[in-house]
Amino acid sequence: MTQAKIAPLPAGAGPFRRPAGARLVATGLALPKRVVTNDELSKTVDTNDEWIQKRTGIRQRYIAGEDEGIRQLAGDALRQALKNANMAPTELDFVIVATLTPEMVTPSTAAVVTTDVGAVPAGAMDISAACSGFVYAVNLAWSLISSGVYRNVAVVGAETLSRVTNWKDRNTCVLFGDGAAAAIFSASDDASQGCLYLNMHSDAEKSRELYCPRTQRDIPAGDTIFTGEFNTLQMNGREIYKFAVHTLQDCIDKALTAVGIKASDLAVIVPHQMNARILESAREKLGLSEEKLYVNIDRFGNTSAASVAICLHELMAGKRLKKGDLVLMIGLGGGLTWATSLWRL
């Protein structure tokens, strides 16, 4: 009998080559060309700039045109990250794309993007965890690298929420925006670098407060929030607000307790950008200065899986992060899902 040939492992891969740590190498960003202000929205729905800013903190958001899809945005963000990392696409071992708005069921957005940027035959997969998606993906990247199987993993958060927004519903259409950002993580010889704490959770029982139905059978029994528009986001703003307030604080407390540090020890908290009032409340409870809890919802709106990724890129591009910094990433949203990832850079 002829013995089957075993394909060689990717460069640097292997279960017995465990790295000492992992590091954030570089990030990249891609945004649609069109910026939609609150004043522009007020021309199509019953709202105004003061009402939106007071309740959400949002001033504007980016909206993708017909020629700007997930594939393009995710690919452009990853290309920029590779350039900033001075890394060839073929050095990537794995690509993860977090999105709830893929263009197709198959192939995955990650597989298409991997081909587009020239990273074949890197592994590729999508993650659908809504606003928690990027943090889920970062945790998986850490797992892949720390296991010794892969050395270079790209994580992309990308959304075109405008495709699933009911633009006649003023309670939701003012919230969401489009965009993408990418981060590249690599194995490190420094054992102090890497993920110190992580968690990932879900509770589908509460998903009735935030969901996107395709057909009548997707609508929960006793539902009171369905607007009548399928394939658009349905949200009980009051319940999601309460969930976010409690869960954000709980995620922070558990991460700090698990590692035995204080909030003041963190270089920055990078939270999902769900609502400026929630973020400000959390910052005040922790007694942190404004620069310690990153907020950019005023310029981007809620970009779901791209939210934390965009924040991380802006921090990197602004040279606000350095080796040794403690960075706490938190995602929470539809599913309902929530996740935490605490890193020492």
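Modeller: Let's start with the positive patch on the surface, where K54, R55, R170 and R277 gather. Patch members have over 30% relative accessible area and no salt bridge, with like charges joined within 9 Å; a salt bridge is a side-chain nitrogen of Lys or Arg within 4 Å of a carboxyl oxygen of Asp or Glu. Lys and Arg count as positive, while His and the chain ends are not counted, and the charge is placed at NZ of Lys or CZ of Arg. Areas come from the Shrake-Rupley method with a 1.4 Å probe, and for residues only the protein chains shown count as cover.

Keep in mind that this is a predicted model: local features need pLDDT of at least 70, side-chain atom pairs count only at pLDDT 80 or more, and totals for chains, interfaces and linings use all residues. Residues are numbered from 1 along each chain as its sequence is written, and side-chain values use heavy atoms, leaving out hydrogens and water.

Back to R170, which sits in helix α6 (residues 170-173); helices are DSSP runs of H or I, at least four residues, and strands are runs of E, at least two, numbered from the N terminus. R170 is partly exposed, because its relative accessibility is 31%; buried means under 20%, exposed over 50%, and partly exposed in between.

Now for the backbone. N86 isn't a glycine, yet its phi is positive, about 55°. N86 lies in the loop between α3 and β4 (94-98) and is exposed, at 72%. S304 also has a positive phi, near 50°, but S304 counts as buried at 1% relative accessibility.

Notes: Patches are made of residues with over 30% relative accessible area and no salt bridge: like charges are joined within 9 Å, nonpolar side chains (Val, Leu, Ile, Met, Phe, Trp, Tyr) within 5 Å. Buried means under 20% relative accessible area, exposed over 50%, partly exposed in between (1.4 Å probe, protein chains only).
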